[in-house]
Amino acid sequence: MKTVFKRTTGLTDAETHYCPGCTHGIIHRLVAEVLEELDALETTVGVASVGCSVLAYHYFNCDMTQAAHGRAPAVATGLRRVLPEDRLVFTYQGDGDLASIGMAEIVHAAARGENITVIFVNNAIYGMTGGQMAPTTLLGQKTATTPEGRSSQLQGLPIRVSEMLATLDGAAYIERVSTHDPVHVLKAKKAIKKSFEIQRNRQGFSMIEVLSSCSTNWGLTPEESLKWIKSQMIPYYPLGIFKQQPCIGEES
Amino acid sequence: MKGNEVIGEAAVYAGCRYFFGYPITPQSELVAYMAKRLPEVGGCFLQAESEISAINMVYGAASAGVRVMTSSSSPGFSLKQEGISYLAGAELPAVIVNIARGGPGLGNIQPSQADYFQVTKGGGHGDYYTPVLAPSSLQEIVSLTREAFRIADEYRTPVILLGDGMLGQMMEPVEFEDEKPLPKVREKKWATTGTKGDGPPKTITSLDLNDTQLEIRNNTLQQKYAAIKEKEVRVDEYLLDDAAYAIVAYGTVARIARTAIDRARKKGIAVGLIRPVSLWPFPATIISEYSSVLKAILTVEMSAGQMIEDVRLAVEGKAPVFFYGRTGGVIPTVDEILQQIDRLTEEVAI
């Protein structure tokens, strides 16, 4: 019998702790499949951040270092500057981690053109701590710390990180993808693969922003959550490539 | 060479090839020295966007198993505390330099010893200690920088090298050849460098959500600290054999105290110097032993009185402990300390 699908060797056998309806599991699998396909599991070091994905080091089947809240790009920089060039270094960060407390670290890693891959999971909320407002929380969105909904007067406007980082000359590749249906999941995988290939080609900093769900803290069913990504998040966070520096050899 | 530059060269001599820095007076010469020096020896210097990033870059580099250093001065050192706690929790070796200045807050850029509490009592969150070495001359910077890297590697712990603005800025001749080079970095099998050729994936973390497991992890840390306390105490003793009085002072102040002691000896006062070289582990046993035979002890610091708490704990009431301190970047003079020695003899005579 022909095997048409098998579990990726990029993930360990550990059962994840993610809630029903959460797309972290899908995104983990995409990263893991890409590393397997690139035959890079033995030459990759991942950096787990703080948030729901803090335990990512239990799930990825490669060397992992766990960073302080928001500091994953700095930790990845330290690894990158030490490790041989054939090693791949990635961070896996949520929106509270990357876009709030870790904003300085991500901006400067991008500005330096640090040759790393950043997987930025944006679910518009702090999940692990119980559903507080994130810098990415949408206007009107109710969270534990915006019980009346986020107001532009009180809490300001959500940050579009991909667009912002794309203004930096140091960033080589920035794309926003989504996980709300199978077609977009496949596109997300393509983007993630591209970003690791860019790193392998030593072209510099790349980030894939992945729109993700948080059924538990959004107060929606898993199915409603996927619809919410499509109807609420994508209009504010449009999908697409925001930065694409020419590949080596393509400059002219 | 300036003290700050000596630290840099001593680190290179000790096999450090990675430095992540951020400018702050009065340690900036060290950052500039490493920017020039490390590329010459095939290393990497990187100026981070903040002290916070610098210490986390150190965390990343240490995860990859190399000898790595960062430096700062008091306000910047405060910013590194989160990262130092993580280094301690994840058991990563690194050397962190604090060329301390006047505080609190922005304070000033003059020499100070007011960070003693911060460096010797953990400093960040959680139950941890960092070994702290406090040189008092530029030559001693060479040997203690080497020791800092040795201790860091041997015990898998962050180690603090504590100086102050005076030590960082002063110039003295130094010899590097007198120091034996530190052996090459032993293979660090725990380092996250990719699993190629070395078995199952490795993880570096300070997280353990299971309370029992975390307690086991913490107990392991405490066992390590107990071993450090047993083996890594360093103290310099000066004219103590016949002493009736002793000054306890470290770093810059110990140099000034030594001159004051020489002058007091000429006046016939039997006073000596106990100079803690490792501030943690603190030389409590030695101070305790001397306190049984001393008439009085004087602690002199460039602070409002921080190390004196450890001195009093060590003395356990066996001798009176007096204090003299200057703060805000004011350096105590030889005359001032001499006056204090006189006061000591008078107080005890009453």
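## Close-up views of a two-chain model

B:S63 touches A:T65, A:L79, B:L92, B:W190, B:A191, B:T192 and B:I204, leaving aside residues up to four places away in sequence; a contact here means heavy atoms within 4.5 Å. This is a predicted model, in which local features need pLDDT of at least 70 and side-chain atom pairs count only at pLDDT 80 or more, while totals for chains, interfaces and linings use all residues. Residues are numbered from 1 along each chain as its sequence is written, chains are lettered from A and ligands numbered from 1 in the order in which they are written, and side-chain values use heavy atoms, with hydrogens and water left out.

View 1. Helices (H or I, at least four residues) and strands (E, at least two) are DSSP runs, numbered from the N terminus. Because its relative accessibility is 0%, B:S63 counts as buried. For all these views, buried means under 20% relative accessible area, exposed over 50%, and partly exposed in between (1.4 Å probe, protein chains only).

View 2. Just after the helix, A:D39 takes a positive phi of about 55°. A:D39 lies in the loop between helix 1 (24-37) and strand 1 (44-48) of chain A, and counts as exposed because its relative accessibility is 68%.

**View 3. Backbone details in chain B.** Most residues other than glycine have a negative phi, and most peptide bonds are trans. Here are some places to look for something else. A cis peptide bond joins B:T25 and B:P26, with omega about 5°; B:P26 lies in the loop between strand 1 (18-21) and helix 2 (28-40) of chain B. The peptide bond from B:W280 to B:P281 is cis too, with omega near 0°, and B:P281 is in the loop between strand 11 (278-280) and helix 10 (284-291). B:E91 has a positive phi, near 55°, and is partly exposed at 22% relative accessibility.

**View 4. Helix 10 of chain B against helix 11 of chain B.** Helix 10 and helix 11 (residues 307-315) of chain B pack at about 60°, with their axes 8 Å apart. That makes helix 10 of chain B oblique to helix 11 of chain B. Angles under 35 degrees count as roughly parallel, over 145 as roughly antiparallel, 65 to 115 as roughly perpendicular and the rest as oblique. Axes are lines fitted to C-alpha atoms, for helices over the stretch in contact, and angles run from 0 to 180 degrees between N-to-C directions. In this pair, B:A284, B:I287, B:S288 and B:S291 of helix 10 meet B:V311, B:A314 and B:V315 of helix 11.

**View 5. A:A124 in its loop.** A:A124 lies between strand 4 (117-122) and helix 6 (152-155) of chain A, and is buried, with a relative accessible area of 0%. A:A124 touches A:D95, A:A134, A:T136, A:T137, A:Q141 and A:M233, not counting residues up to four places away in sequence.
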